[in-house]
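Look at the structure first, then read on.

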Amino acid sequence: MNLYGWIFMLGSWGTIITLCVYCFWRVFTTPDKDL
Amino acid sequence: MTAYVFFLITFLINFYFVYRGVQGGIELLCKIAMPILFIFGFILAARVLMMPHITDGLGFLWNPDFSVLTSAKVWMAAAGQIFFTLSVGIGVILTYASYLKKGDDVALSGLTAASTNELAEVVLGGSIVIPAAFVFFGAAGAAAAAASGSFNLGFVTMPLIFGQIDFGGFFALLWFALLFLAGITSSVSLLEPAVAFFSNDFGLTRKKAVVWLGVILFALCQFPIFFLGQGVVDELDFWGGTFALVLFGTIETIIFVWFFGIEKAWAEIHHGAEMKIPGFYKPIIRYVTPLFLIIILSFWFFQQGLPVIMMQGVPTANQPYILATRIGLILLFAAIAIAVRIAYYRKKQAGEIE
């Protein structure tokens with residue numbers, strides 16, 4: 001895998017996982033919040 | 001015969017969950033199936049990422065080829081993929097949105113659904129099939145497998161790979177269970193708009209609506225099943241699963257932001273929302289998204305439209321089946337349009353709409 005490949009892959013994975021963790025944290029820490 | 005029996009079993013399971021209702025059926029199924037799907041996905045991705053030379057396989061998927069950005073087909077496929085996986089442009093999100101309570105948090109639910117979806121398909125899905133195909137079959141083999149369509153990729157390429165690794169039977173079991181759960185959670189969700197239409201707009205009970213829908217869909221399923229080899233499913237997948245999604249997604253976006261109005265839309269999105277969407281998204285939703293989708297559709301039509309419509313590249317023997325599929329789709333669309341019109345007049349006569 002070339003440098004661009006690593007940047008795209010890790011950038012995408014990082015963004016997605018960060019968003020996921022943030023969303024579930026907001027859902028579980030907000031009282032009476034249900035999806 | 002075996003395949004047809006499994007179709008019948010799957011068909012009945014689908015309608016069993018839809019028959020049981022949104023909360024008692026669809027929600028219950030998703031609550032059980034989705035965590036299992038993710039566990040299986042993580043195990044399979046971990047196994048594939050431990051294969052030798054896997055970085056070459058990941059490179060095959062992630063090394064960018066900027067030259068393909070001039071291909072309308074790529075943009076159309078990408079838009080169709082994301083719309084399908086987020087159930088946009090297909091009536092599903094509209095139907096489930098109608099079940100929301102006034103104070104439900106649309107912004108947080110939407111972002112959570114989108115990010116979890118990306119986790120499943122980009123992080124997990126992207127780490128399993130294509131990289132594994134590259135490791136075992138090389139660049140040409142992986143490209144051929146990807147070009148042969150998602151059906152072959154899942155049901156032909158992956159079993160060949162599992163046949164060559166230790167405990168392949170166990171991983172194959174996880175893989176097919178994952179595909180089954182992914183498929184059934186999607187298909188029951190896709191049935192709900194039709195059930196809601198029959199029951200809300202034609203006054204049928206939910207159970208009667210499910211039975212009627214089951215009979216109609218069972219009849220419609222026979223042609224694609226028996227003529228799968230003639231490219232009927234791929235044809236349905238393109239028009240129903242890619243083109244129509246982008247087209248109807250574009251129409252929905254235009255209606256939402258230009259006719260309903262961006263100010264009202266913005267207020268609706270934030271009603272009951274704990275999080276505030278950054279202000280720069282307003283012009284993106286209002287101008288960039290609809291214009292971008294219109295450009296993709298126009299770009300596709302001028303570059304690919306005529307060859308696709310004229311069935312260029314379709315084997316001559318398959319062309320009558322493809323033509324029959326298209327005529328069937330047009331007739332189905334016309335029947336749905338007539339049903340919507342009848343429902344509209346029924347509601348108008350009942351004084352439910354002005």
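Q: Which residue lies over the face of Phe260(B)?
A: This is a predicted model. A charge counts as over a ring if NZ of Lys is within 6 Å of the ring centre and within 35 degrees of the ring normal. Here the distance from the ring centre is 4.8 Å, and the residue over the face of Phe260(B) is Lys264(B).

Q: How many aromatic pairs are there over all chains?
A: Rings pair if their centres lie within 6.5 Å. By this rule the count over all chains is 31 aromatic pairs.

Q: Is the pair of Phe197(B) and Phe198(B) stacked, tilted or edge-to-face?
A: The ring centres of Phe197(B) and Phe198(B) are 6.2 Å apart, with 40° between the planes. Stacked needs planes under 30 degrees apart, and edge-to-face needs over 60. The pair of Phe197(B) and Phe198(B) is therefore tilted.

Q: Why is the pair of Phe301(B) and Phe302(B) edge-to-face?
A: The two ring centres are 6.0 Å apart. Planes over 60 degrees apart count as edge-to-face. Phe301(B) and Phe302(B) meet that mark because their planes are at 80°.

Q: Which residues do ring pairs link into a cluster with Tyr4(B)?
A: The cluster is built from ring pairs in chain B. Along with Tyr4(B), the linked residues are Phe7(B), Phe11(B), Phe15(B), Phe218(B) and Phe226(B).

Q: Which element gives the largest share of the nonpolar patch?
A: The nonpolar surface patch covers about 1100 Å², and Trp258(B), Tyr287(B) and Phe299(B) are among its residues. Two elements of chain B give two or more residues to the patch: α10 (232–259) and α12 (281–309). Trp258(B) belongs to helix α10. The largest share, 7 residues, comes from α12(B).

Q: Is Trp258(B) buried, partly exposed or exposed?
A: Buried means under 20% relative accessible area, and exposed means over 50%. Trp258(B) has 37%, so this residue is partly exposed.

Q: How many residues apart are Lys31(B) and Glu27(B)?
A: Lys31(B) and Glu27(B) form a salt bridge, with the closest N and O atoms 3.2 Å apart. Both lie in helix α2 (residues 22–49) of chain B. Their spacing is about one turn of the helix, or 4 residues.

Q: Where does Glu192(B) lie, and which salt-bridge partner does it have?
A: Glu192(B) is buried, at 0% relative accessibility. This residue lies in helix α8 (residues 168–201) of chain B. The partner is in helix α9 (residues 206–226), 14 residues apart from Glu192(B). At 2.8 Å, N to O, the partner is Arg206(B).

Q: How many residues apart in sequence are the parts that Lys347(B) and Asp201(B) tie together?
A: The side chains of Lys347(B) and Asp201(B) meet in a salt bridge, at 3.3 Å, N to O. Lys347(B) lies in helix α13 (residues 319–349) and Asp201(B) in helix α8, both of chain B. The pair therefore ties together parts whose separation in sequence is 146 residues.

Q: How many salt bridges does the structure hold over all chains?
A: Side chains of opposite charge can pair when their charged atoms come close. For a salt bridge, the nitrogen must be within 4 Å of a carboxyl oxygen. Over all chains the number of salt bridges is 5.

Methods: Residues are numbered from 1 along each chain as its sequence is written. Chains are lettered from A and ligands numbered from 1 in the order in which they are written. This is a predicted model: local features need pLDDT of at least 70, side-chain atom pairs count only at pLDDT 80 or more; totals for chains, interfaces and linings use all residues. Side-chain values use heavy atoms; hydrogens and water are left out. Patches are made of residues with over 30% relative accessible area and no salt bridge: like charges are joined within 9 Å, nonpolar side chains (Val, Leu, Ile, Met, Phe, Trp, Tyr) within 5 Å. Accessible areas come from the Shrake-Rupley method with a 1.4 Å probe; for residues, only the protein chains shown count as cover. Buried means under 20% relative accessible area, exposed over 50%, partly exposed in between (1.4 Å probe, protein chains only).
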